[in-house]
Amino acid sequence: MKGTWFVDKKNIAKGYGKITKEVNIDTSNFYKINAKGKTLNDFRNEIWDAKKYVSENNKKGLVIRNLIDNKDWEKRDVGNHIFVIDKNSIKTKEIGRAHV
């Protein structure tokens, strides 16, 4: 299943790359699960099961709340990770408009 990953914390997002972008995501038709502070390695099977559920039930994505998955696992930064399948759910955050 193809999709795009997002996270709601800037410090975690920067662990994935230097360039980050703020977006708004409509998660109204997303399947939601709670990792309860577990790491990706400890919660991997539940995520695979949830992605299968998303695929079989025509959901537009998956929200994994309270997951530890960042470059520096020692920090144990908890964030909400969002897997988007339907790119129409992603809206670029409007910061300002240039008037010419």
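This is a predicted model: local features need pLDDT of at least 70, side-chain atom pairs count only at pLDDT 80 or more; totals for chains, interfaces and linings use all residues.
Author: Residues are numbered from 1 along each chain as its sequence is written, and side-chain values use heavy atoms, with hydrogens and water left out.

Reader: What makes the four strands an open sheet, and in which order do they stand?

Author: The order is E1-E5-E4-E3, with mixed pairing, where two strands pair if DSSP finds at least two bridges between them, and where strands (E, at least two residues) and helices (H or I, at least four) are DSSP runs numbered from the N terminus. Strand E1 (4-7) and strand E3 (30-34) are the edges, since each pairs on one side only.

Reader: How do you know that the pairing of E4 with E3 is parallel, and in what sense does E4 pair with E5?

Author: E3 and strand E4 (residues 61-68) are joined by five bridges in the parallel sense, with Lys 32 having Val 63 as its bridge partner in E4. E4 and E5 are joined by six bridges in the antiparallel sense, and here Leu 67 stands opposite Gly 79 in E5.

Reader: Why is E4 called largely enclosed?

Author: Buried means under 20% relative accessible area, exposed over 50%, and partly exposed in between (1.4 Å probe, protein chains only). Six of the eight residues of E4 are buried, so the strand is largely enclosed by the rest of the structure. Helix H2 (residues 40-56) lies across E3, E4 and strand E5 (78-84) and runs at about 170° to E4, the angle being taken on a scale from 0 to 180 degrees between N-to-C directions of axes fitted to C-alpha atoms, for helices over the stretch in contact, with contact meaning heavy atoms within 4.5 Å.

Reader: Why are Lys 10 and Glu 22 called a salt bridge?

Author: The term requires a side-chain nitrogen of Lys or Arg within 4 Å of a carboxyl oxygen of Asp or Glu, and the closest N and O atoms of Lys 10 and Glu 22 are 3.0 Å apart, so the pair meets the rule. Lys 10 is exposed at a relative accessible area of 53%, whereas Glu 22 is partly exposed at 38%.

Reader: What is the distance between Asp 86 and Lys 60, and why does the pair tie together separate parts?

Author: Their closest N and O atoms are 3.8 Å apart, and they form a salt bridge. Asp 86 lies in the loop between E5 and strand E6 (90-92) and Lys 60 in the loop between H2 and E4, so the pair ties together parts that are 26 residues apart in sequence.

Reader: Why is the pair of Trp 5 and Phe 83 called tilted?

Author: Rings of Phe, Tyr and Trp (its six-membered ring) pair if their centres lie within 6.5 Å, and planes under 30 degrees apart count as stacked, over 60 as edge-to-face and the rest as tilted. The centres of Trp 5 and Phe 83 are 4.8 Å apart and their planes stand at 40°, so the pair is tilted. Phe 83 is buried, with a relative accessible area of 2%, whereas Trp 5 is partly exposed at 44%.
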